Amino acid sequence: MGGLLTVYQQAIRAGKPFLNHLLRLRVKKGKEDPERLNERRGIAGRPRPAGKLVWIHAASVGEAQSALILIESLAKRLPGINILVTSGTVTSAQLMARRLPPCAFHQFIPLDHPDWVDRFLTHWQPDTVFWMESELWPNLLNAIRTRNIPAALVNARLSERSYGNWQRARGFVRDILGCFSLILAQTEKDAKHFRDLGAENVIVSDNIKYSAAPLPFEQIALSTLSLTVAGRPVWVYASTHAGEEALACRLHTKLRTDIPGLLTIIVPRHPGRREEIAGVCYDEGMKFRLRSVNFALPAPDDDIYVADTLGELGLFYSLAPVAMIGRSFSDDGGGGHNPIEAAQLGCAVVTGPNNQFQRQIYDDMQAEGAVVETQNEEELYAVIRELLSEPHALKNLQRKSESFSAKKAHVAEDVMQMLDPFIRTLENRHAA
């Protein structure tokens with residue numbers, strides 16, 4: 001790689017005190033695990049297991065959920081293989097702790113300092129890398145390339161903003177992308193962006209999230225909740241961000257006039273915001289209950305049930321017939337979250353307008369009539385009211401949403417076929 005990387009490396013080396021200060025600040029904000037902070041400096045939290053090791057990197061929760069699909073497929077194809085999974089957020093680490101199979105384990109990705117990257121790779125010595133995001137860390141990817149580790153970029157996407165930024169340094173990003181001998185892009189548009197930036201061997205694979213197993217849930221918990229809310233109309237506002245809880249409360253106030261007994265369930269994307277959300281519900285005049293307090297159940301006269309627990313989204317998708325997918329009306333400009341999880345569990349899927357990070361999925365669903373996209377609060381109110389008042393409309397959208405998710409379930413198999421050269425190499429080494 002050329003001069004820009006050298007400049008970048010020099011700047012990062014000089015900035016080590018700043019990076020350490022940044023880590024301390026992130027610990028104070030709850031964005032780092034203080035017990036595992038050395039992993040962010042490339043210091044391993046456990047020994048390397050003997051034998052062949054696949055390294056899968058997934059930046060945060062969204063990518064981690066995609067990684068779980070690939071991990072499951074690899075574990076079936078390569079019994080006994082070791083799988084190192086890295087990510088950069090506490091929430092994704094918690095997800096992995098609950099859902100990784102015995103052959104896989106989690107570490108935090110080191111920050112992109114050359115010394116920390118070298119320490120990380122020297123310890124783990126991966127045989128193959130599957131990178132499941134499009135955040136391109138120059139030092140880490142350069143080190144992978146320098147060590148001749150086979151690498152593929154899987155489920156790759158590149159937003160218009162990122163594409164525009166990288167266009168200003170085409171030569172630099174071309175060298176970085178050269179680390180990957182294969183790039184599997186989610187859409188033709190993503191593939192074009194990568195090719196325009198100089199990437200080679202780019203193939204459109206579709207989105208591996210389509211092949212995710214349905215979110216898990218405890219049947220006893222579902223039975224208990226179903227009995228508790230029996231006879232009440234229910235809808236869920238899932239994966240909410242700031243601004244959306246207040247919206248849910250306003251909608252509830254208007255909806256309950258025509259839909260007696262209505263229960264609105266709010267599942268925040270970040271349960272740690274529970275105090276903020278409780279304040280919003282109080283200010284909006286709602287009678288509410290927090291599930292995190294001893295797994296309390298909603299009372300008959302509760303307006304809002306705040307499901308501020310981790311790993312239970314599948315439970316509420318299974319309970320509620322209508323799911324509004326969050327971060328599409330949020331104060332941060334939105335971006336959207338994965339609607340496939342709701343569709344798989346039989347929900348009628350609704351979204352707001354700001355779902356740009358999931359745009360292709362929503363476009364595909366709209367083409368099949370499998371989602372309703374609303375542009376403002378009034379439209380959202382009208383849609384939720386219709387779905388909860390008109391059984392035929394509700395059943396029709398539920399059927400189309402679930403049918404769409406089932407039709408796309410083949411993507412993981414396609415991805416595994418495209419990764420076959422990497423996997424056959426691993427098989428041969430593993431057998432040896």
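**Close-up 1. Helix α10 and its buried residues.** In this predicted model, helix α10 spans residues 219-228. Its buried residues are Ala-221, Leu-222 and Leu-225. Seen down the axis of α10, these residues fall within an arc of 100 degrees, so they line one face of the helix. Ile-220 and Leu-227 sit on the other side of α10 and are exposed. What covers the buried residues? The cover includes β11 (304-306) and α13 (313-319).

**Close-up 2. Helix α8 and its buried residues.** Helix α8 runs over residues 170-177. Four residues are named as buried here: Phe-172, Val-173, Ile-176 and Leu-177. Viewed down the axis of α8, they fall within an arc of 130 degrees, so they line one face of the helix.

**Close-up 3. The salt bridge between Arg-147 and Asp-118.** Side chains of opposite charge can pair when their charged atoms come close. The whole structure holds 31 salt bridges. One of them joins Arg-147 to Asp-118, with the closest N and O atoms 2.6 Å apart. Arg-147 lies in the loop between α6 (138-146) and β5 (151-156), and Asp-118 lies in helix α5 (residues 114-124), so the pair ties together parts that are 29 residues apart in sequence. Arg-147 has 33% relative accessibility, so it counts as partly exposed. Asp-118 is partly exposed too, at 41%.

**Close-up 4. The salt bridge between Asp-302 and Arg-289.** The side chains of Asp-302 and Arg-289 form a salt bridge, at 2.7 Å from N to O. This pair links distant parts of the chain. Asp-302 is in the loop between β10 (288-290) and β11, Arg-289 is in strand β10, and the two are 13 residues apart. Is Asp-302 buried or exposed? Asp-302 is buried, because its relative accessible area is 0%. Arg-289 has a relative accessible area of 26%, so it is partly exposed.

**Close-up 5. The salt bridge between Glu-276 and Arg-273.** Here the side chains of Glu-276 and Arg-273 meet, with 2.9 Å from N to O. Glu-276 is partly exposed, with a relative accessible area of 41%. Arg-273 is buried, with a relative accessible area of 14%. The cut-off for buried is under 20%, so Arg-273 falls within it.

**Close-up 6. A network of salt bridges.** Which residues are linked in this network? They are Arg-250, Lys-254, Glu-377 and Glu-378.

Definitions and conventions: Residues numbered from 1 in each chain as written. Predicted model: local features only at pLDDT ≥ 70, side-chain atom pairs only at ≥ 80, totals over all residues. Heavy atoms only, no water. Buried < 20%, exposed > 50% of the residue type's maximum accessible area, 1.4 Å probe, protein only. Arc of directions from axis to C-beta. Contact = heavy atoms within 4.5 Å. Salt bridge = Lys/Arg side-chain N within 4 Å of Asp/Glu carboxyl O.
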